[in-house]
Amino acid sequence: MSSRTVLHRGPITVTDYRCDAGPADKPFVERHDQASLAYVRTGSFGYRTRGESYELVAGSLLVGQPGDEYLCTHEHHAHGDECLSFHFGPDVMDRLGLGTRQDVSAWRSRGVPPLPQMLVLGELAQTVADGRSNVGLDEVGVLLAARFVEALAGRSRERPRNLSRHRARAVRAALWLDEHAHEQVDLESTARAAGVSPFHFLRLFAGVLGVTPHQYVVRSRLRRAARLLADDGRSVTDIALEAGFADLSNFVRTFHRAAGVSPGRYRRAARGERKFFQERLAATH
């Protein structure tokens, strides 16, 4: 495991983690020291905490509550993972309305499947961390935390059934879908590659990862589009097609629902337009 502190400013620390662990490596217990959100960029790993097990893939979030112990495993993927992790001090949690002693139902250690409203900001954060945007990484971090609270915190969410024998199959399928999301993929061919019927594949994939195969493909395309918009000079139409969207109007609608802004506005924000962040940071008060 290698780590690089990308930002340490006031109550926010951002760390880039690169892990090359595989099935042969023995996991060990670690502890969350601060409230945290880790955005999974690539790869896959298992997250065990509070008696629950999660399989995290590209686009997922790892949520950490201070004081909780956890275990990360790599039994289903031999090439490790990469994560961008945001650690928040009490001041940020106060700002989000959670206080210095976070309500367990509002911010508890868990794994969260890829969600459009989070992964677009996750990709923007990685672009900033790589030095390809002059946006403030602390601003993106606060927005990411605020969107998480709005989307998930405090809700009662049904945990997927424990499908332990299917975990490896679901993870391998997600890695394959992420690699081929820019192509035309369908449930039948993906299920065939996994060696099960389409109906069975749909159930096991959603049961293990918390999203359907189709949702995962669309969200993989959104992640790719967000990266390209922030770091590529091509037209929005070219980027939509490159990411795997069949037409521009579908891409614009899908992206706007996820990001809350048009692809063009997102691109301007990634290149430093201050008004975008001023408006959204003001809304978190």
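Glu 139 counts as buried because its relative accessibility is 15%, where buried means under 20% relative accessible area, exposed means over 50% and partly exposed lies in between, with a 1.4 Å probe and protein chains only. Glu 139 belongs to helix α3, which covers residues 137-151. Helices (H or I, at least four residues) and strands (E, at least two) are DSSP runs, numbered from the N terminus. Between the C-alpha atoms of Glu 139 and Ala 125 the separation is 9.3 Å, with the two residues 14 apart along the chain.

The model is a predicted one, in which local features need pLDDT of at least 70 and side-chain atom pairs count only at pLDDT 80 or more, while totals for chains, interfaces and linings use all residues. Residues are numbered from 1 along each chain as its sequence is written, and side-chain values use heavy atoms, with hydrogens and water left out.

The chain as a whole comes next. It holds 11 helices and 9 strands. Of its 285 residues, 55% are buried. A contact means heavy atoms within 4.5 Å. Among contacts between residues at least 6 apart in sequence, 72% join residues at least 24 apart.

Strand β1 (residues 2-9) and strand β2 (residues 12-19) pair in the antiparallel sense over 7 bridges; two strands pair if DSSP finds at least two bridges between them. Ser 2 has Arg 18 of β2 as its bridge partner, and His 8 stands opposite Thr 13 of β2. The hairpin of β1 and β2 has 2 residues between the strands, and Gly 10 takes a positive phi near 60° there. Strand β2 also pairs with β8, in the antiparallel sense and over 8 bridges. In that pairing, Ile 12 stands opposite Phe 88 of β8. Because 6 of the 8 residues of β2 are buried, this strand is largely enclosed by the rest of the structure.

Val 14 lies in strand β2. With a relative accessibility of 0%, Val 14 counts as buried. Leaving out residues up to four places away in sequence, Val 14 touches Arg 4, Thr 5, Val 6, Leu 7, Leu 84, Ser 85, Phe 86 and Leu 137. Val 14 and Gly 141 are 127 residues apart along the chain, yet their C-alpha atoms are separated by 8.3 Å.

The cysteines can be taken together. A disulfide is a covalent bond between the sulfur atoms of two cysteines. Here a disulfide is counted as a pair of cysteine sulfur atoms within 2.5 Å. By this rule there are 0 disulfides. Cys 19 is in none, and the nearest cysteine sulfur to its own, that of Cys 72, is 7.8 Å away. Cys 72 is likewise in no disulfide, with the sulfur of Cys 83 as the nearest cysteine sulfur at 7.8 Å. Cys 19 is buried at 11% relative accessibility, and Cys 72 is buried with a relative accessible area of 18%.

On a 1 Å grid over the protein atoms alone, a pocket is an open set of points with protein on both sides within 12 Å along at least five of seven lines, and lining residues have an atom within 4 Å of a point. The volume of the largest pocket is about 650 Å³, where grid points are joined across faces, edges and corners and a volume is the space filled by probe spheres set on the points. It is lined by 27 residues, of which Met 1, Tyr 17, Glu 30, Tyr 70 and Cys 72 are the closest to its centre. The elements that give two or more residues to this lining are β2, β3 (29-31), β4 (35-49), β7 (69-73) and β8 (81-88). Strand β8 gives the most, with 4 residues.

Finally, Arg 223 is found in helix α7, residues 213-231. Arg 223 is buried at 2% relative accessibility. Apart from neighbours within four places in sequence, its contacts are Tyr 39, Arg 41, Ala 58, Gly 59, Leu 119, Glu 123, Asp 178 and Tyr 216.

Terms used
On a 1 Å grid over the protein atoms alone, a cavity is a set of points where a 1.4 Å probe fits but cannot get out, and a pocket is an open set with protein on both sides within 12 Å along at least five of seven lines; lining residues have an atom within 4 Å of a point.
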